[in-house]
Amino acid sequence: MYTFERIIDEIGGFGKFQIITEILLFSAYTLCSWSIMQMAFAGLVPHWYCVISESDSLENETFTELLAINSTWSKQNYQTCAPENGSQCSQYHFEGSYATVTEEWDLVCDRDWVRSTLISIQMAGILFGCLIAGQLSDQYGRRRVLNAFVLFHALVNFAAALAPNWQLFATARFLIGLGIGGIITTAFPYGIEFMPLKWRAFLSIFPWWGAGVLIFTGCAYVLPDWRLLHLACGFANLPCLTAWWLAPESLRWLTAKGRIDEAEAVLQKMADTNGRTLPPWTRGFLETTIFPSGNSKPKQEKSTSYLDLLKNAYLARCTAAICFM
């Protein structure tokens, strides 16, 4: 029986082409974990104390030194929003050699809710990104949509690094989430379809996500500043755009759209890169996927949407089960 999987096996299986392509496509996926973990550092709360008046603001002293100077005052003011004497904090003094958004915009006490809200806003962006990317990649192709989201992800990381207040930073985090959702929705199915069947499970459990978290951890150690980390993440995404030139369009998407010549060219590129010969029956197999038996005209393509997942009882049950999992 002729299938896409059989063609891939005969032109090299898991060969040089697959190694290059998967690294290119999943590099963007890996950087999503870096991006989503940004708030683990940016939202960190350093040691801080409440400054009642200008005379209390001892910028160069640590809490330990303040405790030695005035133990009663220091204990009352250390990470306390309302000191025992009833005074109000005029400002907050933060310790530590790292820069976070908590320190940048005083996100403690009456603004403590902002940090968790920023994470929720980011996750909402991921949800919308997943929904949008699924529809767009089916309509315009995996290659075009993935590279558009990678570029978008880089640009909004640059924008986040320049945010002058937490409100604009929250907007940037939503857009970053949008980019993350778009990448993870598109990159995984796009990359996995070039793999032979027996290697797909391995690719799905390969620690791409963990590698991104590890990279982020190292960068946060070297660049302990939330603005610099956003800039670094933006620049790290730019090399992933080489996939526009080096990774071909989705083989199955091209075939589904009736673009047989381009689909055959992708298979020929795979065979050439892996040092194999394209099977002689390839063209005939591709044509049978779009031409009904005995018909010289391709099947009419119809527009699809998420509503098609609910158009009958069987699809609705499958959709519900997958969403639940």
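I take a helix axis as a line fitted to C-alpha atoms over the stretch in contact, with angles between N-to-C directions running from 0 to 180 degrees. The model I am reading is predicted.

**Entry 1: α2 against α15**

I looked up how helix α2 (residues 16-36) packs on helix α15 (residues 260-273). The angle is about 115°, and the axes lie 7 Å apart. Angles of 65 to 115 degrees count as roughly perpendicular, so I log α2 as roughly perpendicular to α15. Next I listed the residues in contact. From α2 come Lys16, Phe17 and Gln18; from α15 come Lys269, Met270 and Thr273. I sorted this contact by class: two nonpolar, two polar and two charged residues.

**Entry 2: salt bridges**

I searched the whole structure and got 10 salt bridges. One joins the side chains of arginine 115 and aspartate 112, at 2.1 Å from N to O. Is arginine 115 buried or exposed? I find arginine 115 buried, at 17% relative accessibility. Aspartate 112 is partly exposed, at 37%.

**Entry 3: around arginine 283**

I then turned to arginine 283, which bridges to aspartate 261 at 2.6 Å, N to O. This pair links distant parts of the chain: arginine 283 sits in helix α16 (residues 282-288) and aspartate 261 in α15, 22 residues apart. Arginine 283 is partly exposed at 29%, while aspartate 261 is exposed at 54%.

Arginine 283 also forms a salt bridge with glutamate 287, with the closest N and O atoms 3.1 Å apart. These two are four residues apart in α16, so about one helical turn separates them. Glutamate 287 is partly exposed, at 30%. I note a network of salt bridges linking Asp261, Glu264, Arg283 and Glu287.

Key: Residues are numbered from 1 along each chain as its sequence is written. This is a predicted model: local features need pLDDT of at least 70, side-chain atom pairs count only at pLDDT 80 or more; totals for chains, interfaces and linings use all residues. Side-chain values use heavy atoms; hydrogens and water are left out. Angles under 35 degrees count as roughly parallel, over 145 as roughly antiparallel, 65 to 115 as roughly perpendicular and the rest as oblique. Contact means heavy atoms within 4.5 Å. Ala, Val, Leu, Ile, Met, Phe, Trp, Tyr, Cys and Pro count as nonpolar, Asp, Glu, Lys and Arg as charged, and the others, Gly among them, as polar. A salt bridge is a side-chain nitrogen of Lys or Arg within 4 Å of a carboxyl oxygen of Asp or Glu. Buried means under 20% relative accessible area, exposed over 50%, partly exposed in between (1.4 Å probe, protein chains only).
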